[in-house]
Amino acid sequence: MAHHVGGVIASAILGVVSKQIMSAIKGQIKLQWNFVSDLQKMRSSLQTVEALLEDAERRSITDQAVRLWLGRLKDTMYEISDMIDDFEVNTEPAPQKCCAQISVSRLKMANKMKNMREQLKGITEDRIPFTFMQENVPRLQDNRETTAAVTEAQVIGRDKEKQEVMVRLSGSITEKMTILPIYGIGGIGKTTMARLVFNDPQFREYSRVWVYVSQTFDLKKIGNSIISQLSVSDSQPTELEMIGNSLKRLLFGKKVLIIFDDLWEREQTELEKLKNMLKPGEGSKVVAVVTTREENIAQKIQTVEPYKLAPLTDDICWAIIKDKTSFDARTDRAQLEMIGKDIAKKCGGMALAAQSIGYMLDYMKSSDEWVSVNNSEFWDVLASKEFSPHQVHASLLLSYRSMGSYLKLCFVYCAIFPKGHWIAKEALVHQWVALGLVEPPMASSYNQHSTDRYINQLLGMCFLEHPKSSWSMQVETEFLVMHDLVHDLARSVLADEIGIEDPTCRYAWLTDHRKLLKSSMTPLAKIRALHFHDRSNYQLDRDAFSPAKCLRVLDLSRYCTQELPDSIGQLKQLRHLDASSWSRKLERWESTRIPKALGALNKLQYLNLSRRGRLVGLPKVMSNLMELRYLNISHCHGYYLSDSPSANQSFIDCIGTLPNLEQLDLSWNDYCFCVPESFSSLNKLNLRGCMHIASLPENVAKLDILRLFGLLQYGGFPVRADDSESSSSNLVFLKHANPQVLSIKDLVNVRSVEEACCIRLMEKQSIEELTLRWGEGASSVEHMALLKELVPPTSVQNLNIFGYKGVIFPYWVMHISKYLPNLVSLRLWNLSCSGLPTLVQLPNLRKIFLGYMYNLEEFTTGCSMSGDGANELTLPKLEHLEMYRCPKLRIKPCPPRAVHWFISSSDNALSSWEECASTSSTPASSSSPPVNKLKVEKSELPLHQWRLLHHLPGLSDVSITHCDDLTISPQIGQAFKSLESLSLECIEMKILPEWLGELTSLRQLNLICMNFLQELDKNMKQLTQLQSLSLDMCNALTSLPQWLGELTLLKTLMCVHMCVPIVLPTKYQCVCN
């Protein structure tokens, strides 16, 4: 079937070219000479066949003669489109040409127009013997309100299968490496099932990795994909041995879940190499789920019996269709139910088919349209002998036919990308526009709402999907992928238009530059989009692109070159040029030469030169690119002319004069420049990471009060000032900013108090989280004076202050409850103050973090509320109280009502409670807070001096780290009576404390890095409620006593990261993992 559907694109191309002709007739496309009469005749010829093409396309699947006729018509449409574009490019004002040139040029154009008219006339007359009939195919209507956020469809009908898969995985959970294959025909839902496993809470504590394998089995690519998701490093090893070593290091001591999606490799030796690559080391655990279409592959790779995913039942397919069509809300559902159930039966149990057809049916409002879908001849494809699960499903073809002309072409263009490729949404949309695949009213300017409609329709039909990997959620760029079967459909529709070796190639993805040389340049004469993905260091010939007169999209982002060929200037039709350095960011000393010929591309709309180091020659050509709408020069190190060492500011000013520029990306550039006022006309500006902006005009700053063009993101807004004493800092840029989260760092660089007054922080009522960070170095303004002017708005719920060196706080901090009544979280870090503001009157305060406050002496938890001066306990909602390195801190008069306490290197907070308790007017027993979790680390006090525990009788969870003296007193022992969970970490003792056996309520015990512990004491036999025992890096412990078997409730015994194998009690040898 893949060879039979190439004709079904003809009507889409004709529809688009027909509108292009109309634009030329109406003068929307400027031509120097009047060809209106010729164009009208051409348009008339197209109208005679346009209404018949639906029938012709349907018959082309089985009739080769019709298919050939459609192919001729399609090729002619492309030639007409190229001709009109060529005429427009060659249109110049008469004074620039001599009379002889004008005459020759006009004669050539006239002859070309005449020949094209005759060619089209012959093709339209050749249709007559076929006796095509007029057909009406229901179209998807753009009448829905769309949104950029498209949620994943609810998974229907796979609950039982998911449970069975999880049972198989759980049954092998004791193994170091588990590989469970899921196999079944394409489109049946294997990837969806894998995603359900990927997101299951059972693997919440696992590092999770998603690898799309594809038909090309590349161990290096697979290994590097895993490395990139487990490591923060950008570097990728190139040799298999290096990849293997990196994986061993990254997998050590970890629990990892890996999904290998779409495995096709049949060779046992290659599959064994993959398994060897994943072999976990000591203390590691790898769980892998593999999806594949073939049972034979599943059997070769498995360590657990493969799971065959059966087709969905007809009832479940009907349930999916009903869900997609909002069937229960329809008034005509009684008429449609039987028709819908018939359609569901024809989906072949494939979820992808049901989802796609359901989305299409949702647009069809009459029962007659549903009947036409049910009776379509395309379903006969399923019954043909040629059909196999690897071929395009009829339902996808039906959904494709329901698209409008432009949407069809946008969809099939995606076939240029390899299977499984992550397609950057923004770049894809710009390529559609460059190729004329977006309807003219939308294409006149990049309209995100309009193009999102195309994206959302393809997502709704499942013709595009969001990537399954969790890594895709961690990057800002929005990516899209295509299901393999959908990709097969797009490739089969494009047929001979894709592939550089084909003489009719118009779209190509080139991974080997030698194919371009072997092609004898013939295909380049027709090619419209070329993606270079050859990472070799081969430099293209200067004339490499000379024959590509029709090229509109050129992607060199993955081609390793530091010089663009001069022939690029001959690409008069080029609208989209991506010459960014995707493979690596060029260093500061590296440069890229921009040829003067680039300035001749007067139709260029999209230019990406990101990560190209120093751009030599760009300023000289930029002013000529009058049609440019998108420019990305992020991660660059300046712009240079041959006769000038630096042209940064003049170049930035030049960009501001480009009349059609809509989007500009200057992010992560490290040179100094002033933002020109002309940037106020841009639709989108990205300045993230630009640390040296000298000025930002108010008319520009007002345009993005939430993000300030990215300056408020990634670690906060850094205050900067140049070396001139008279200049102000960039703090004034925040005058109009009003984001939800505002982090201001390096406040030491503020030049005057007036700058803080200027930003009117108190008026920014959108701010919910505010961070003020001073940083290191000398300050021009006293900390106290500056903080006094930085009064937050009352909307702030989370306040963080770092590095404030004032001895006391200003008024608004000391009376914080009046200024921030909604405060939920307060973090004070590295401050010099000896006291804290009054916090007790903050009714919503839930979290307090105090850190590195070496002078802090007192935290008052009570306030005088009655006439007799009695202290009344407040902070009723406090949940977390954390103290780091506050050695002098005392909390008075009694412990606050925090559910979770964390105390680190703050011994006074542990020991000073008897004295404080005596001053309280409320008995300790009645004022004891409901604390249930306490973590203490790095205390030099013996445990029996932790008087805080006298006031925490209800503790259920205690963690003690780096505290070596665990001697206890009766009072402390009483506080531990209700303990259910205890963790001891990094404590130097050979035998566990005797009081451990007295914790009769203990259910969970974790011993971590107890490197001197040699045995478990017999008094642990009294822990009759113990359910879980975890031993982590207890390397002196070589065996466990047999009496552990007497603890009947003990269900989980974990021994991880042990240097040597540990001898287990007989009862638990099968439990330990």
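How many helices and strands does the protein have? Within that fold, which residues of helix H9 are buried, and which elements do the buried residues of H9 pack against?

Modeller: This is a predicted model, in which local features need pLDDT of at least 70 and side-chain atom pairs pLDDT 80 or more, while totals for chains, interfaces and linings use all residues. Residues are numbered from 1 along each chain as its sequence is written, and side-chain values use heavy atoms, without hydrogens or water.

The protein has 34 helices and 38 strands (DSSP runs numbered from the N terminus: helices are H or I, at least four residues; strands are E, at least two). Of its 1073 residues, 54% are buried (buried is under 20% relative accessible area, exposed over 50%, partly exposed in between, with a 1.4 Å probe and protein chains only). When contacts (heavy atoms within 4.5 Å) between residues at least 6 apart in sequence are considered, 64% of them join residues at least 24 apart.

Helix H9 covers residues 240-251 and has twelve residues. The buried residues of H9 are Ile 243, Gly 244, Ser 246, Leu 247, Leu 250 and Leu 251. Seen down the axis, they fall within an arc of 165° (taken from the directions from the axis to the C-beta atoms), so they line one face of the helix. An α-helix has 3.6 residues a turn, so residues three or four places apart point the same way.

The buried residues pack against helix H8 (219-230), strand E3 (255-263), helix H10 (268-277) and strand E4 (285-292). The face turned away from that buried side carries the exposed residues Glu 241, Lys 248 and Arg 249. Just after H9, Gly 253 takes a positive phi of about 70°.

H2 (residues 36-50) has 15 residues and reaches 20 Å from its first C-alpha to its last, close to the 21 Å expected. Its buried residues are Asp 38, Leu 39, Met 42, Arg 43, Ser 45, Leu 46 and Val 49. These fall within an arc of 160° about the axis of H2, so they too line one face.

The interior of the protein can also be described through its nonpolar cores (buried Ala, Val, Leu, Ile, Met, Phe, Trp, Tyr and Cys residues joined through side-chain atoms within 4.5 Å). The largest has 170 residues, and those with the most contacts inside it are Met 622, Ile 633, Leu 687, Leu 850, Trp 901 and Leu 1016. Helix H25 (residues 648-655) supplies the largest share of this core, four residues. A second, separate core of 110 residues includes Ile 21, Trp 69, Leu 396 and Val 438. Leaving aside neighbours within four places in sequence, Ile 633 is in contact with several residues, among them Leu 609, Leu 615, Phe 651 and Ile 655.

Finally, His 531 is found in strand E9 (residues 529-532). At 0% relative accessibility, His 531 counts as buried. Beyond residues up to four places away in sequence, the residues that His 531 touches include Tyr 413, Phe 417, Trp 509 and Asp 555.

Technical notes
The expected span of a helix is 1.5 Å times one less than its number of residues.
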